[in-house]
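Here is a report on one protein chain. It covers the domains, the charged pairs and the aromatic rings.

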Amino acid sequence: MYARPITDDITWVGAIDWERRLFDELIPVPDGTSYNAYLVRGADRTALIDSVDPSYVDTLRSRIASTGIDRLDYIVSQHAEQDHSGSLPRLLLDHPEAKVLVTDKGKRVLSDHLGVTADRMQGVKDGERVDLGGLTLEFLHFPWVHWPETMLTWLPERRILFTCDLFGSHLASGDLFAHGDPAVLLAAKRYYAEIMMPFRGTISKHLGKVTARAPAMIAPSHGPIYEAPSLILDAYQDWVDGPPHDTVVVAYVSMHDSTHQMVEHLVESCARRGLRAEQYSLADTDAGKLAMLLVDAATLVLGTPTVLGGPHPKVAYAATLANLIRPKATTLAVIGSFGWGGKVVEQLTAMTPNLEVEVLPPVLCKGVPKTADFDALDRLAEQIARRHDALRAPP
Ligand code: FEO
């Protein structure tokens, strides 16, 4: 294993996880991921920024060894989650001289989860600087992006911002840099949707601290490095602070085609009104794909058959997911078919208290949809279109 140079004094010593397909036993990562760790060598001291998932600790150790360093003075723990800090216990055995630089909240998490002892940790305040000799590490506390102990590291002499999870992407790539590749941005959007979107409000408050520094490079701890940061910064400005887009996501399950017929009709009816509507079957849910669709959508429609008096469990899962990731959608509707009654609307709206949405009147039909039901779906499309009027780009 060898270390890959970023500048003369900064090298990448991380790991690429080509095979991983699930994160936290929940989040699909169809393109694998990487755990980026960066070795920063000043004239007097050397620091490692983040480590890797413990399953790759030997890869990290091998890359560090290839640099020929004889001591490691600091290990910066920007985020205590195991995919970045899980290798700390082993590294601290390798490098008895090393101190872990971490927020005070991070000290408690590293102690609770990884057994790192207090004598090996040194708390750093927001804005505190550590001199490596010609290179400086400045720590920026970014609590709740996405854990409470999170911080970023600014290296002013090179204008590089190390951002850990923020601006990351679950993407295994042979290229260290993004090079403006649209595939990287798509992976970053999936990552944002899955990990960062619930913290949109907090990120919004912190984004100015990033743009004010005008970084020349953004180096996250997952996925490629942005050597032209405007690509990811512009995207985040839109995802985090931009208005919802003029799109309708219709997420549904159909057991005997009735709900499917309703979904097809509604999507067509929306399209006739100039709306961009997309249907998404939840039969084999890729939670990440659904989350991505919800980054921009102004309207979410849940389509469900009635199962034992409530929504189909896969639709209930989608509602629960939407509630957790708190998309910026402003309108919600429920459509579907039932056999003899039920409470799908009451149950689905009760599952989504975090959504700040207007709930439109539902369209529920008994058995297969009939003319009156399709007419009701046309009226729903019209109501959605009226709520999107303010989002339409001028002709
Ligand atoms: Fe990549 Fe929150 O850990």
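## Domains and basis

The chain splits into domain 1 (4–241) and domain 2 (247–392). These bounds come from an automatic or database domain assignment. The C-alpha centres of domain 1 and domain 2 are 38 Å apart.

The model is predicted, and local features need pLDDT of at least 70, side-chain atom pairs count only at pLDDT 80 or more, while totals for chains, interfaces and linings use all residues. Residues are numbered from 1 along each chain as its sequence is written, and side-chain values use heavy atoms, with hydrogens and water left out.

## The domain interface

Contact (heavy atoms within 4.5 Å) involves 14 residues of domain 1 and 15 residues of domain 2. The size of an interface is often given as the accessible area lost when the parts come together. Here domain 1 and domain 2 bury about 1200 Å² between them. Of that area, 61% is on carbon and sulfur atoms. Buried area is the accessible area (1.4 Å probe) that two parts lose on being put together, summed over both. On the domain 1 side, K189, R190 and M197 lose the most area to domain 2. Together these three account for 39% of what that side buries.

Two salt bridges are found across the interface of domain 1 and domain 2. A salt bridge here is a side-chain nitrogen of Lys or Arg within 4 Å of a carboxyl oxygen of Asp or Glu. D296 and K189 form a salt bridge, with the closest N and O atoms 2.5 Å apart.

## Salt bridges

Side chains of opposite charge can pair when their charged atoms come close. How many salt bridges does the structure hold? The count is 18.

D94 and R90 meet through their side chains in a salt bridge of 2.6 Å, N to O. Both sit in helix α3 (residues 88–94), four residues apart, so about one helical turn separates them. Helices (H or I, at least four residues) and strands (E, at least two) are DSSP runs, numbered from the N terminus. D94 is partly exposed at 29% relative accessibility. R90 is partly exposed too, at 34%. The cut-offs are under 20% relative accessible area for buried, over 50% for exposed, and partly exposed in between (1.4 Å probe, protein chains only).

E382 and R273 form another salt bridge, with the closest N and O atoms 2.6 Å apart. This pair links distant parts of the chain, 109 residues apart. E382 is in helix α12 (residues 371–388). R273 is in the loop between α8 (258–272) and β18 (276–281). E382 has a relative accessible area of 30% and is partly exposed. R273, at 24%, is partly exposed.

R386 pairs with D389 in a salt bridge, the closest N and O atoms being 2.9 Å apart. R386 is partly exposed at 43% relative accessibility. D389 is partly exposed, with a relative accessible area of 36%. Elsewhere, salt bridges that share partners join D58, R61, R90 and D94 into one network.

## Aromatic rings

The count of aromatic pairs is six. Rings of Phe, Tyr and Trp (its six-membered ring) pair if their centres lie within 6.5 Å; planes under 30 degrees apart are stacked, over 60 edge-to-face, and the rest tilted. F167 and Y236 make an edge-to-face pair, 4.7 Å centre to centre with 75 degrees between the planes. F167 lies in the loop between β15 (160–164) and α5 (182–196), and Y236 in helix α7 (residues 230–241), so this pair ties together parts 69 residues apart in sequence. F167 is buried at 0% relative accessibility. Y236 is buried, also with a relative accessible area of 0%.

Y192 and Y236 have ring centres 5.3 Å apart and planes at 75 degrees, so their pair is edge-to-face. Y192 in helix α5 and Y236 in helix α7 are 44 residues apart. Y192 and Y236 are both buried. F167, Y192, Y236 and W239 form one aromatic cluster.

## Two further sites

R20 lies over the face of F23, 4.0 Å from the ring centre. The rule for a charge over a ring is NZ of Lys or CZ of Arg within 6 Å of the ring centre and within 35 degrees of the ring normal.

H95 is in the loop between α3 and β10 (99–102). Is H95 buried or exposed? H95 is buried, with a relative accessible area of 14%. H95 touches L72 and R120, not counting residues up to four places away in sequence.
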